[in-house]
Structures are given as structure tokens and as C-alpha cells.
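Keep the sequence and the model side by side.

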Amino acid sequence: MDDFENGKDAPVREGETVDGFEEKHEDFCADTPPDHPEPFSFFDAVYGVFFSPRETFRKIGEKRPVLTSAVLVCALSVINFLAGIGGMKSSVFHGHHTPPFEALEAGVAVMAVLVAVVSLFVWFLFSASISLFSQMLGGAGNGLGLLSVLSFAQVPELILVPFRFLLQRFSSGWILMAPVGLAGFIWVLVLNIMAVKEVEGLSTGRAVLAYFLLHEPITLSKALGGVFILVGIYLSSRR
């Protein structure tokens, strides 16, 4: 009794036929084009943060452009600092080169470097802490990816900082400062949580929890500091 009668498939050698069909060994991947990663530049990432943040954050998390992210962190922090100095000149010193402002201007370069260095340290510490909390909640543990993506989540500052600076140039611009600041804060906050979710593979609830375990006290202190600064600018402008 042969293999077919036993319910088994008879072995077929190359070149032999089964029921009139020749066995062929074809490479089905031969016609498939090789995988070529799509180009993904810095400008693609910036554009994607505004218009397709989820997909963009996933790509950034995979590519982990740590050096580019560090440069972006430094640039945004220095831009924020310089915009703050310009706003202080127009709102507090009323555009005059008073001795206090001249002393401030003299040390702008040194202070800008210090701001950049401190921002790098805070960025690294903050990202590492969120990565740790994410892993505790079942995250993927993509530390370098999270480090990179949390930098790009601050990209809206490229629009918000110039807009806030323009508002500070007008005497009644302070009226819009609070709503603009609140809208920008919520925008960046949502992007940060989305970044944690996409890179660490967490649910929305766990991403929020991982983010706010560390960020809640920092957020509260920054919000209170912003309120005090706005009140101080307003009171100074009324004198």
C-alpha cells in the first residue's frame, strides 16, 4: 500500500509532476521591491507634528533622532528666553534703555547659554522619569524614542512664542495673553500625552497617568509662576 492509500502525501522531487502539474519552486519575493525606508527629514517631523502627530510621533520614536532633538530643545528654550527679554523691554521698561535693562542686556549671551544647558538637563531628567513611570505601567521602555519625541512635542512653541511676543508689543495685548497662553499650554500638553501613548504603546489613561505622575507638580508651579509674571507685568505697566 503506497503513501496515497495511507492518506499521506507522497514526496515530490524537483522536476517531477503530480496529477499533470509540474512542481516549481518560485521565489515569490522576486517581484517584490526591496524595503526602502521613506525619507523623513526634520521638516517632515515639524510638519507632521501639526497635521498628523500620531503617525509622526511613531516615526520619531522608531528613528530616535536624539541629537536633532537636543538641538531643538536648546533652540526653543533660547527663543523663549529672548522673546521674554524683548517682552520685558516693551512692557516693563517701555522700550527705554534704563540702567537695569542695560545690565540685563549685557549678560544676555551668558544667560542664553545657561538657559540652553539647563533646558537640556531638565529635558533629559523629565524624559527619563516619564520613561520609568511608563515601564511601570506596562510601556515598551523606548527611552531614546521618548526622549526624542518629547522634544518635538514642543514644536508649537515655534508659533506661540512669536505670537506672544507680538501681543506684548501692544498696550492692550495683555488681555489676550492669558487665553493664548492657556490654549498653547493645552495644545502642548495634549501632544506630550499623545507622544507618550504612541511611543510607549500605552492606553490613553495610562499615558495620562505616566505623564502626570511627574508633571502635575511641575505644571502647577509653572502655571502659578506664569500668573505671577502676568500680574507683575500688568501692575508695572499701570505705573
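**Helix 6 and its surroundings**

At the start of helix 6, a side-chain oxygen of Asn 142 comes to within 3.0 Å of the backbone nitrogen of Gly 145. That is a polar contact, meaning a pair of N or O atoms within 3.5 Å; within protein, one must be able to donate a hydrogen and the other to accept it, and residues adjacent in sequence count only if both atoms are side-chain atoms. This is a predicted model: local features need pLDDT of at least 70, side-chain atom pairs count only at pLDDT 80 or more, and totals for chains, interfaces and linings use all residues. Residues are numbered from 1 along each chain as its sequence is written, and side-chain values use heavy atoms, with hydrogens and water left out.

Helix 6 spans residues 143-152, and eight of its 10 residues are buried. Buried means under 20% relative accessible area, exposed over 50%, partly exposed in between (1.4 Å probe, protein chains only). Helices (H or I, at least four residues) are DSSP runs, numbered from the N terminus. The buried residues of helix 6 include Leu 146, Leu 147 and Leu 150.

Ser 127 touches these three leucines, leaving out residues up to four places away in sequence. Contact means heavy atoms within 4.5 Å. Ser 127 lies in helix 5 (residues 108-136). Its relative accessibility is 2%, so Ser 127 counts as buried. Where does its side chain reach? It reaches the backbone oxygen of Trp 123, at 2.8 Å.

Now the core. The largest nonpolar core has 27 residues, and Phe 57, Val 149, Leu 150 and Val 196 have the most contacts inside it. Such a core is a set of buried Ala, Val, Leu, Ile, Met, Phe, Trp, Tyr and Cys residues joined through side-chain atoms within 4.5 Å. Helix 8 (174-200) is among the helices that each supply at least two residues. Helix 8 gives the most, with seven. Val 196 contacts, among others, Ile 130, Leu 146, Leu 150 and Tyr 211, its neighbours within four places aside.

Turn to helix 1 (residues 42-51) and helix 2 (residues 53-63). They pack at an angle of about 145°, with axes 6 Å apart. Axes are lines fitted to C-alpha atoms, for helices over the stretch in contact, and angles run from 0 to 180 degrees between N-to-C directions. Helix 1 contributes Ala 45, Gly 48, Val 49 and Phe 51; helix 2 contributes Pro 53, Thr 56, Phe 57 and Ile 60.
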